[in-house]
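Please look at the model shown here, and let us go through its parts one after another, beginning with a contact between two side chains.

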Amino acid sequence: MTTTARTPVTVLGLGAMGHALAAAVTGAAHPTTVWNRTPGRAGALVDAGATEARDVRAAVTAAPLVVACLLDHASVHEVLDPVADALAGRTLVNVTTTTPEQSRELAAWAAGHGVTYLDGGIMATPPMIGQPGSSVLYSGSAEAFEAHRAVLDIWGESTYLGDDAGVAALYDLALLAGMYTVFAGFHHGAAMVATAGISATEFADRAVPFLSAMIGHVRTDAAAIDAGDYGGPEQQSLEFSDLGDMVQASVDAGVATDVVGAVQALIRRQIDAGHGTDGFARIYESVRAGGTR
Ligand code: FVH
């Protein structure tokens with residue numbers, strides 16, 4: 001079945017993200033049914049034209065496309081296990097954050113109950129939904145992705161990553177790993193300059209343009225990783241990258257070294273293994289080896 005402008009959609013979970021997804025679908029004139037464990041969160045959606053289901057079973061049976069946006073993997077099973085029979089023959093799009101293995105487990109559970117499964121990783125915050133810059137990664141059923149593009153595209157740029165239901169979650173968490181560590185690095189720097197009376201806001205004014213200018217260099221690292229060649233002249237050597245001064249300055253300032261110390265440990269492991277003249281990108285080898293080298 002292909003989604004049309006009038007295809008009904010059910011959204012389970014009206015937290016900040018579920019509410020935003022439901023509001024966008026309602027606003028795009030798809031007949032929308034919503035359900036939330038705790039009543040009282042559907043008011044604005046009902047005012048906008050959505051229907052609040054009295055229970056999960058009523059919500060699931062109201063639409064061929066059921067979207068789950070709940071807290072975690074356990075809550076998805078808690079909500080869906082009792083209504084698996086009602087889900088049969090429908091499409092479940094699960095945009096709840098899960099691990100790749102949890103996504104694969106849910107895909108197998110869905111297949112066992114005759115449910116078409118598409119997993120989603122939302123790369124946006126609730127206010128970004130439906131706005132430029134919002135994107136959602138999907139993997140699992142290609143048929144479901146194609147059939148329901150009209151709904152999926154309402155939330156942001158939709159990208160299909162293949163039939164392994166775990167890949168969208170893998171990509172989602174990998175991208176967040178980059179984001180969180182960059183943010184943690186910013187927080188470390190803010191703590192350092194705070195010891196000289198510089199506010200975090202003032203630091204951000206300098207950090208944002210600097211980090212924006214530098215971030216493109218991950219492509220050079222990516223090329224080195226893919227080639228397995230860390231010796232190119234365009235690469236900054238591990239010995240040059242040694243963070244000893246940064247760690248010492250942090251200690252002198254009374255700032256915790258957890259963030260920069262972790263990077264320094266990766267650098268040191270590769271230098272100690274005799275790769276000091278190779279490029280910084282070589283720390284990838286320590287990460288990839290799970291800490292064994
Ligand atoms: N908010 C964000 O910025 C991120 C962006 C990227 C994707 N995440 C993921 O989206 C899932 C939902 O996130 P959320 O922001 O809507 O989260 P909350 O506002 O905390 O709402 C949680 C909803 O889950 C319901 N819920 C929790 N446990 C259960 C349960 N055992 N049974 C049924 N429902 C449950 C909760 O219901 P209630 O507490 O109101 O009764 C909310 O509807 C999440 O995976 C993010 O990682 C969002």
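Arg 268 forms a salt bridge with Asp 272, in which the closest N and O atoms are 3.3 Å apart; a salt bridge here is a side-chain nitrogen of Lys or Arg within 4 Å of a carboxyl oxygen of Asp or Glu. Both Arg 268 and Asp 272 lie in helix α14 (residues 258-275), where they are four residues apart, about one turn of the helix. Helices (H or I, at least four residues) and strands (E, at least two) are DSSP runs, numbered from the N terminus. Arg 268 counts as partly exposed because its relative accessibility is 34%, whereas Asp 272, at 59%, counts as exposed. In these terms, buried means under 20% relative accessible area, exposed means over 50%, and partly exposed lies in between (1.4 Å probe, protein chains only).

Before going further, keep in mind that this is a predicted model, in which local features need pLDDT of at least 70 and side-chain atom pairs count only at pLDDT 80 or more, while totals for chains, interfaces and linings use all residues. Residues are numbered from 1 along each chain as its sequence is written, and side-chain values use heavy atoms, with hydrogens and water left out.

How many salt bridges does a search of the whole structure find? The search finds seven. One of them joins the side chains of Arg 57 and Asp 85, at 3.0 Å from N to O. This pair links distant parts of the chain, since Arg 57 is in helix α3 (residues 56-60) and Asp 85 is in helix α5 (residues 84-87), 28 residues apart. Arg 57 is partly exposed at 35% relative accessibility, and Asp 85 is exposed at 53%. Another salt bridge is made by the side chains of Asp 278 and Arg 282, again described by an N to O distance of 3.0 Å. Here Asp 278 counts as buried, with 18% relative accessibility, and Arg 282 counts as buried at 14%. Salt bridges that share partners also join Glu 101, Arg 104 and Asp 164 into one network.

We turn next to the strands. Are the residues of strand β7 (residues 135-140) buried or exposed? Six of the six are buried, so the strand is largely enclosed by the rest of the structure. In a regular strand the side chains alternate between the two faces of the sheet. In β7, Ser 135, Leu 137 and Ser 139 point one way, and Val 136, Tyr 138 and Gly 140 point the other way. Strand β6 (residues 116-123) pairs with β7 in the antiparallel sense over six bridges, where pairing requires that DSSP finds at least two bridges between two strands; Leu 137 in β7 is the bridge partner of Gly 121. With strand β8 (residues 157-160), β7 pairs in the parallel sense over four bridges, and Tyr 138 stands opposite Tyr 160 in β8.

Finally, consider what UniProt records for this chain. An unreviewed entry places the feature "domain: 6-phosphogluconate dehydrogenase NADP-binding" at residues 9-160, and over these residues the chain is 39% helix and 24% strand. UniProt positions are given in the numbering used here, feature names are shortened, and annotations may be inferred rather than shown by experiment.
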